[in-house]
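Visitor: I am new to this structure. Please show me how to read a few of its features.

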Amino acid sequence: MSSTTGTTTVITNIASLVTNDPSLGDGSPLGLIQDAAVVIEGDRIAWTGDSRKAPATDNRVDAGGRAVIPSFVDSHSHLVFAGDRTQEFNARMSGRGYTAGGIRTTVAATRAASDEDLERNLTHYLHEALRQGTTTFETKSGYGLTVEDEARALRIAAAHTDEVTYLGAHIVSPDYADDPAAYVALVTGEMLDACAPYARWIDVFCEKGAFDGDQARAIFTAGKAKGLHPRVHANQLSYGPGVQLAVELDAASADHCTHLTDADVEALANGRTVATLLPGAEFSTRAEWPDARRLLDAGVTVALSTDCNPGSSFTSSVPFCIALAVRDMGMTPDEALWSATAGGAAALRRTDIGRLTVGARADLALLDAPSHVHLAYRPGVPLVSGVWRRGAREV
């Protein structure tokens with residue numbers, strides 16, 4: 001179908017339509033409408049409601065009694081890289097622990113790769129994610145750690161998404177192992193100057209073995225002066241200052257949030273910073289699960305994302321992460337779906353995606369199931385049978 005303004009398409013005979021608008025349908029946070037239809041005009045949602053009341057349109061798609069959901073918003077990924085870390089994963093599954101140091105393996109492979117290799121790899125994983133229902137994704141640099149390699153990673157990413165994050169502060173570059181202060185100076189100086197034109201966000205891995213709170217604050221302050229907004233790798237491997245720093249700086253998200261004090265939870269509940277949970281990382285490192293129930297019960301806005309990267313979470317599947325969150329993190333199927341759609345949008349400070357309401361972008365997925373609950377109920381099964389992005393069917 002065309003995405004030209006004025007062309008209209010109705011998707012009808014929908015068993016259950018998730019709108020993420022509590023003023024619609026059953027009044028829940030999902031705004032669930034039964035026996036529904038949705039009308040797309042151009043690249044936007046033009047109407048939702050009872051299928052019997054749907055207006056006439058140019059085109060018609062019969063959902064066949066299946067569910068339609070907003071497509072997934074993956075608000076945390078690391079997709080500009082080369083190589084893989086099969087041996088590291090194999091060793092870890094054989095008993096070795098996970099640390100931040102393995103990133104250096106990917107840094108070496110990424111530096112050695114051509115631009116064409118990096119872009120080919122990126123588009124491969126984007127297509128993989130699209131087939132599983134993801135139409136919006138954030139991705140980061142962080143596997144170059146030189147001025148040239150960080151800038152080219154962001155330049156390549158920016159050709160494929162608006163949600164690009166400068167992560168020169170992933171770890172201290174091996175080239176500066178003996179002088180971390182000099183690397184922080186590079187990240188806040190020449191590297192930032194080269195990278196800022198391609199990025200919307202700035203991130204720091206605030207963790208033992210990476211950057212401490214003072215270093216992170218300096219990097220975020222420099223980034224904000226260049227117009228980049230913070231998002232923080234926070235409290236993944238241990239308790240630390242990351243979450244408090246994220247809330248203090250009004251970061252869009254604090255990502256991982258595995259080891260939290262009561263004060264951390266309270267800070268998140270009282271601020272605008274979204275807690276982005278990344279269960280693929282805990283699955284792939286056999287680490288302690290984040291306690292989503294604790295955050296939700298405190299009133300924290302929670303997002304769910306893949307953290308797709310070659311070291312600690314090599315999955316592009318949001319449905320897999322939904323199943324993990326429901327099984328092991330205390331989320332209900334409704335909460336997990338909301339967090340992977342509207343929650344991801346909130347983590348990117350976007351209101352045009354993650355919901356199917358009039359005026360929102362027509363990004364949606366058709367499931368080969370009568371309900372979104374099947375995403376957790378049937379783990380590992382490829383349930384996404386159709387994907388529309390900006391009003392055009394792409395799967």
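Visitor: Where is Asp35 found?

Guide: This is a predicted model. Asp35 sits in strand E2, residues 33-41.

Visitor: What is the phi of Asp35?

Guide: Start with the general idea. Most residues other than glycine have a negative phi. Asp35 is not a glycine, yet its phi is positive, near 50 degrees.

Visitor: Is Asp35 buried or exposed?

Guide: Exposed counts as over 50% relative accessible area. Asp35 has 53%, so Asp35 is exposed.

Visitor: And what is the phi of Cys257?

Guide: Cys257 has a positive phi too, about 55 degrees, and is not a glycine. Cys257 lies in the loop between strand E11 (253-256) and helix H9 (262-270). Its relative accessibility is 1%, so Cys257 counts as buried.

Visitor: At what angle do helices H5 and H7 pack?

Guide: Angles under 35 degrees count as roughly parallel. H5 (residues 180-188) and H7 (residues 213-225) pack at about 20 degrees, with axes 9 Å apart. The two helices are therefore roughly parallel. Their crossing is right-handed.

Visitor: Which residues meet there, H5 with H7?

Guide: From H5 come Pro180, Val184, Val187 and Thr188; from H7 come Gln215, Ala218, Ile219 and Ala222. Six residues of this contact are nonpolar, two are polar and none is charged.

Visitor: Which residues of helix H13 are buried?

Guide: In H13, residues 333-340, they are Ala336, Leu337, Ser339 and Ala340. Seen down the axis, the buried residues of H13 fall within an arc of 165 degrees, so they line one face of the helix.

Visitor: What covers the buried residues of H13?

Guide: The cover includes strand E4 (59-70), helix H12 (318-328) and helix H14 (342-347).

Key. Residues are numbered from 1 along each chain as its sequence is written. This is a predicted model: local features need pLDDT of at least 70, side-chain atom pairs count only at pLDDT 80 or more; totals for chains, interfaces and linings use all residues. Side-chain values use heavy atoms; hydrogens and water are left out. Axes are lines fitted to C-alpha atoms, for helices over the stretch in contact, and angles run from 0 to 180 degrees between N-to-C directions. Helices (H or I, at least four residues) and strands (E, at least two) are DSSP runs, numbered from the N terminus. Angles under 35 degrees count as roughly parallel, over 145 as roughly antiparallel, 65 to 115 as roughly perpendicular and the rest as oblique. A crossing is left-handed if the near helix is turned anticlockwise from the far one by less than a right angle, and right-handed if clockwise. Contact means heavy atoms within 4.5 Å. Ala, Val, Leu, Ile, Met, Phe, Trp, Tyr, Cys and Pro count as nonpolar, Asp, Glu, Lys and Arg as charged, and the others, Gly among them, as polar. Buried means under 20% relative accessible area, exposed over 50%, partly exposed in between (1.4 Å probe, protein chains only). The arc is that of the directions from the helix axis to the C-beta atoms.
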